[in-house]
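Dear colleague,

Please find the structure below, followed by a summary of what was found in it.

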Amino acid sequence: MPRGDVLHGSRAVAEAVKLCDVDVIAAYPITPQTHIVEDLAEFVANGELDAEYVLVESEHSAMSACIGASATGVRTFTATSSQGLALMHEMLFIASGMRLPIVMANANRALSAPINIWNDQQDSMSERDCGWIQLYCETNQETLDTTIQAYRISENKKVLLPSMVCLDGFVLTHTIEPLEIPDKDAVNRFLPEFEPAVYLDPDDPMTLGAFATPADYIKFRFEQEKAMRNAIEAIEKADREYKKETGRGYGLMEEYNTKDADIIIVSMGSVVGTIKEVIDQLKGEYNVGLLKIKAFRPLPKERIKEVLKNARVVSVVEKDVSIGLGEGGLFSEIKGILYNLDERPKVLGFIIGLGGRDITQPDIRDIIKLSKKAEKDVVDEVHWIGLR
Amino acid sequence: MMQETMQVVVDTPSYIKCRQVCKANVRANRCFKFKKNLEAVSGDELFAPGHSACAGCGATVAVRLALKAAGKNTIATNATGCLEVFSTKYPETAWRVPWIHAAFETSASVASGVEAALKKLGKDVNVIAFGGDGGTVDIGFQALSGAMERGHNMTYICYDNEAYMNTGVQRSGSTPYGSSTTTSPAGSVSIGNKRPKKDMPQIIAAHGVDYVATASIAFPLDYMKKVKKAVATNGPAYVHVLAACPTGWGSASERSIEICRLAVDSGMWVLYEIDHGDARITYLPTKKVPVIEYLKTQKRFRHLKAEDVQDIQDMIDERLKRYSNEI
Ligand SMILES: Cc1ncc(C[n+]2csc(CCOP(=O)(O)OP(=O)(O)O)c2C)c(N)n1
Ligand code: SF4
Ligand SMILES: [Mg+2]
């Protein structure tokens, strides 16, 4: 029987990891991820989770240990945030390049300097090219469900790529929400036992992580991109089957009032809750919808194009910026997706909530008003919200 | 990529005279001890020939002997560096044991994960982490310290060629005093590398690691015995083996073994082990060779003046005295 509970986002992740019978955890604490690794330590200490817990001396070693463990043929987990993710950077490419189905929770947080422990999405956005699947979550329930789904997706033989489950630091990690913890049998049916594709085995010695010359290297990269494309189908399939077991599904993305909308807001993570709320409030006054991006990697480009192509204005609301380009990563990518349409919507970018700056309903209302204005008038392409 | 292991049949050439073992100067094929020792190094060849190391590369000897000592029930991890590059050019491999490489500084951390997974699976397999001196004493230092401190059941083997060879002979923390490298070149106002070698085995010993040893590729039996002990240790163990690099040292490729023996005979490199806190020197040269004999075999030292050589001699005499007291 599924169990109802009221949990922090961090606890939701830990519960999911427990349900997935993870074998090796290697992690290093960082705010706001700490409760995830503490809860898991508690599960292991109490015998609720039979895992080896490697208390590494850094995030770099956390990812390296996960690589070693995964290559030895077991299910692995780690969690981090911000500076920790940045420290892992080198190893992220190696984990995906070696096609290891590691799952990691990233509690989204701003990057230094200045040092700041609060939420934005600069950390994971800066890792968008590292070959990891990136799934952004809106609620604690979605975080729990996504963590379980991530193993199924990553371990899919046509995918074999690591997954990063992104949950907004504090907004989700430290906020309690009522949610449902799925039944262990349901998870067992959904997630078969881990069967590694290749692993380190003295009876059948393999060389993993060899060095490749220019003649071969590009082939490996191409195969990785192919696997990412396969992940689109794998995510949908996992989601369908998860829904069969639990009644809940999220898809690659969520459309909210997008049909025939003049303005479509595109965003990801917990802020979409606020956006939905404002859209509801403005019903009748503004014809506005929302496209919530859940899978940012792989990015389902064709689907996104289909949803957005008939809007007049597309407004991308995001918590990151590419300094020197002067716009957010999601904004650049959405513009790129729409560029080759014969007739395309205007696209606006809104940089908001950096370093944990509150994102209020009036902020969202202002964004919608400005988007409305852009239907007829010329307005700036990119807007920073919350400067003072 | 799967390979059969093979047994090398040892055929002792009659013209070899055995001097190292018993100094009896008898023909080797008549010497019982020599034959026995040769047998000891003639186990499974788990490191295949055909890789692209330079002729006379000491690292190949270090790995080959270590794998013979550990046997095929072994998983190896490797740091980026010469060894990794010359032995695993896709789609070929010289490794007949399962092997994994991730990054430069991660041999010990990847091995930590391998070991944890084996523990979880209930599998009894040796884990050996290989790293060059750069991957060990510099960039991999933190990961290694963590792995040793956490008590993983693994053996870490540092093959020490005393510089970053793979990237073109740059100085490392393990480069000896007075050595000329591409980033510590000797010049009109520089002696070359200005600092003495970082004493890594002692640093690892300070972690309370149960088995720590130094070795030289010129003493294969001593080295293999130490690897066996390290692998048999229930917990972390560390072996630091001096492995000549003709390319980086500017030495003749056929003299690598001789040079690694001179290193020990001169006191430049001391062979010892610390077994559960019990320290002992495992080989003391009966007749100490002046250090100049070692230095003059290698171009990296050729700029040294007589007084520099004397400084080095004094340094190693002092160190040997200290070791003799402490060990
Ligand atoms: C993070 C990182 N920094 C630098 C390098 C470049 N690099 C590769 S191997 C190497 C030197 C290896 O030296 P060592 O560990 O002594 O092994 P050797 O090549 O001498 O056998 C360096 C500097 C790298 N691969 N990764
Ligand atoms: S450069 Fe030195 S360490 Fe590297 S392969 Fe050549 S001899 Fe071996
Ligand atoms: Mg070196």
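Axes here are lines fitted to C-alpha atoms, for helices over the stretch in contact, and angles run from 0 to 180 degrees between N-to-C directions. Helices (H or I, at least four residues) and strands (E, at least two) are DSSP runs, numbered from the N terminus. This is a predicted model, in which local features need pLDDT of at least 70 and side-chain atom pairs count only at pLDDT 80 or more, while totals for chains, interfaces and linings use all residues. Residues are numbered from 1 along each chain as its sequence is written, chains are lettered from A and ligands numbered from 1 in the order in which they are written, and side-chain values use heavy atoms, with hydrogens and water left out.

In chain B, the axes of helix α2 (residues 58-70) and helix α8 (residues 220-232) come within 8 Å and cross at roughly 50°. That makes α2(B) oblique to α8(B) (angles under 35 degrees count as roughly parallel, over 145 as roughly antiparallel, 65 to 115 as roughly perpendicular and the rest as oblique). Contact (heavy atoms within 4.5 Å) involves residues of α2(B) including L65(B) and K68(B), and residues of α8(B) including Y223(B) and K228(B). The contact residues divide into ten nonpolar, no polar and two charged; Ala, Val, Leu, Ile, Met, Phe, Trp, Tyr, Cys and Pro count as nonpolar, Asp, Glu, Lys and Arg as charged, and the others, Gly among them, as polar.

Chain A has twelve helices and 16 strands. Six of its strands form an open sheet with mixed pairing, in the order β10-β12-β11-β14-β15-β16; two strands pair if DSSP finds at least two bridges between them. Strands β10 (253-256) and β16 (382-384) of chain A are at the edges, each with a single partner strand, so one side of each has no neighbour in the sheet. The twist averages 20° from one strand to the next. Strand β15 (residues 346-351) of chain A runs parallel to β16(A), joined by three bridges, and G349(A) has V382(A) as its bridge partner in β16(A). Helix α12 (residues 361-376) of chain A packs on the sheet, touching β11, β12, β14, β15 and β16 of chain A, and its direction makes about 155° with that of β15(A).

A nine-strand open sheet, also of mixed pairing, has the order β9(A)-β6(B)-β5(B)-β7(B)-β8(B)-β10(B)-β9(B)-β11(B)-β12(B). Its edge strands are β9 (207-208) of chain A and β12 (278-283) of chain B.

With kind regards
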